[in-house]
Amino acid sequence: MSLKRLYRHMNREIDQIDRFLSTRVHTDHPVIDAASRQLLDAGGKRIRPAFVLLSAAFGQDNDIRLTKVAASLELIHMASLVHDDVIDDATLRRGKPTVMERYDERVAMYTGNTLFGEAIRLVSEVDSPEVMQIMAETMELICIGEINQIQDQYDWAQSPKRYLDRIARKTALLIETSCAAGAVVSGASPDVVKQLRLFGYDIGMAFQMTDDLLDFTAKSFQLGKPVGEDLKHGHKTLPLFYSAEDPLFYDRLKQVTQTSGYELTQALVREVQRNGTLERSQRTIDRYVRRAIERLEPLPDVPDKRSLIEIAEYIGKRKW
């Protein structure tokens, strides 16, 4: 079962958000317009809009503001992907050429900035000071996370706390915001908003850790990019933290630089695949998933609560 099948009962709403996004990424500049549409047409799980809609089920209001919040969060996500690809000099995203590969680094950066700008415009139309505050803080922290990711490249001595902070800003924060903003716009109580925010953080952390795991276990055609890309680009992820506890592995890991060869990184990938750290990483993911589900226990038993639980369970076990 795919992740999108777990919220297929919202297909009409997700399609509506996609159509709305299509109207909002249009610009008068032909290059930026084509680059933005390339990103939108590449598809994706649309998990952030899904979390907005599912969290809104705990409130009473359901109007165009939810579509605008969901679309703004997807635009922020798309923009961050473009910037990530520039940082990593990535040529493929979801099996297709990245904006940077199709155009160049400068076009990619300005495309990402344009999407950020449109996201801000959309949030301003929601007319909610609380949502505006949440989104402003989110965008600021995401940018800080991007800078930290650049600074952390090939720093194999970084602390686990630094890694957790980085993935919190890179991935968990946007899912946390999706849950909180959907609940706020729908008029859910502050206690419900708080619990959904905590759920979003935990499941967002599990989502990114699973991505880090899949970089060693999935096939290239599933990932839409080569296996071992995080290691190649100097990102120390959870399996590498656990593997680096072995001094011999750590000594070899320190040899990975921007100019190191394919043979070294692939040898380290094979070692991670057989040294037991992937199983240990999975146990860490499981703990985040369990805690995320526990966050939902005090919430009202609306039908979409079950969907949130099923998505959480799926995220911890997904294969790509």
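Student: In which part of the chain is the place of Y154?

Tutor: Y154 sits in the loop between α7 and α8. Helices here are DSSP runs of H or I with at least four residues, strands are runs of E with at least two, and both are numbered from the N terminus. The model is a predicted one, in which local features need pLDDT of at least 70, side-chain atom pairs count only at pLDDT 80 or more, and totals for chains, interfaces and linings use all residues. Residues are numbered from 1 along each chain as its sequence is written, and side-chain values use heavy atoms, with hydrogens and water left out.

Student: Why is Y154 called partly exposed?

Tutor: Buried means under 20% relative accessible area, exposed means over 50%, and partly exposed is in between (1.4 Å probe, protein chains only). Y154 has 22% relative accessibility, so Y154 counts as partly exposed.

Student: What makes the phi of Y154 worth noting?

Tutor: Most residues other than glycine have a negative phi. Y154 is not a glycine, yet its phi is positive, at about 65°. R46 is not a glycine either and has a positive phi of about 55°. R46 lies in the loop between α2 and α3 (47–56), and with 4% relative accessibility R46 counts as buried.

Student: How do you know that S36 is buried?

Tutor: The relative accessible area of S36 is 1%, so S36 is buried. S36 belongs to helix α2 (residues 30–41). Leaving aside residues up to four places away in sequence, S36 touches V25, M78, T111 and L115; contact means heavy atoms within 4.5 Å.

Student: Why are α6 and α7 called roughly antiparallel?

Tutor: Two packed helices are described by the angle between their axes and the distance between the axes. Axes are lines fitted to C-alpha atoms, for helices over the stretch in contact, and angles run from 0 to 180 degrees between N-to-C directions. Angles under 35 degrees count as roughly parallel, over 145 as roughly antiparallel, 65 to 115 as roughly perpendicular, and the rest as oblique. Helix α6 (residues 105–126) and helix α7 (residues 129–152) pack at about 165°, with axes 10 Å apart; α6 and α7 are therefore roughly antiparallel.

Student: Which residues of α6 and α7 meet?

Tutor: F116, I120, V123 and S124 of α6 meet V131, M132, M135 and M139 of α7. These residues divide into seven nonpolar, one polar and no charged. Here Ala, Val, Leu, Ile, Met, Phe, Trp, Tyr, Cys and Pro count as nonpolar, Asp, Glu, Lys and Arg as charged, and the others, Gly among them, as polar.

Student: How do you know that α15 and α16 are roughly antiparallel?

Tutor: Helix α15 (residues 277–296) and helix α16 (residues 303–317) pack at about 175°, with axes 9 Å apart, and α15 and α16 are therefore roughly antiparallel. By class, their contact has seven nonpolar, two polar and four charged residues.

Student: What makes the span of α15 agree with its residue count?

Tutor: The expected span of a helix is 1.5 Å times one less than its number of residues. The 20 residues of α15 should therefore span 28 Å, and its end C-alpha atoms are 30 Å apart, which agrees.

Student: Why is F199 called buried?

Tutor: F199 has a relative accessible area of 0%, so F199 is buried. F199 is in helix α9 (residues 190–217). Not counting residues up to four places away in sequence, F199 touches several residues, including A292, L296 and L308.
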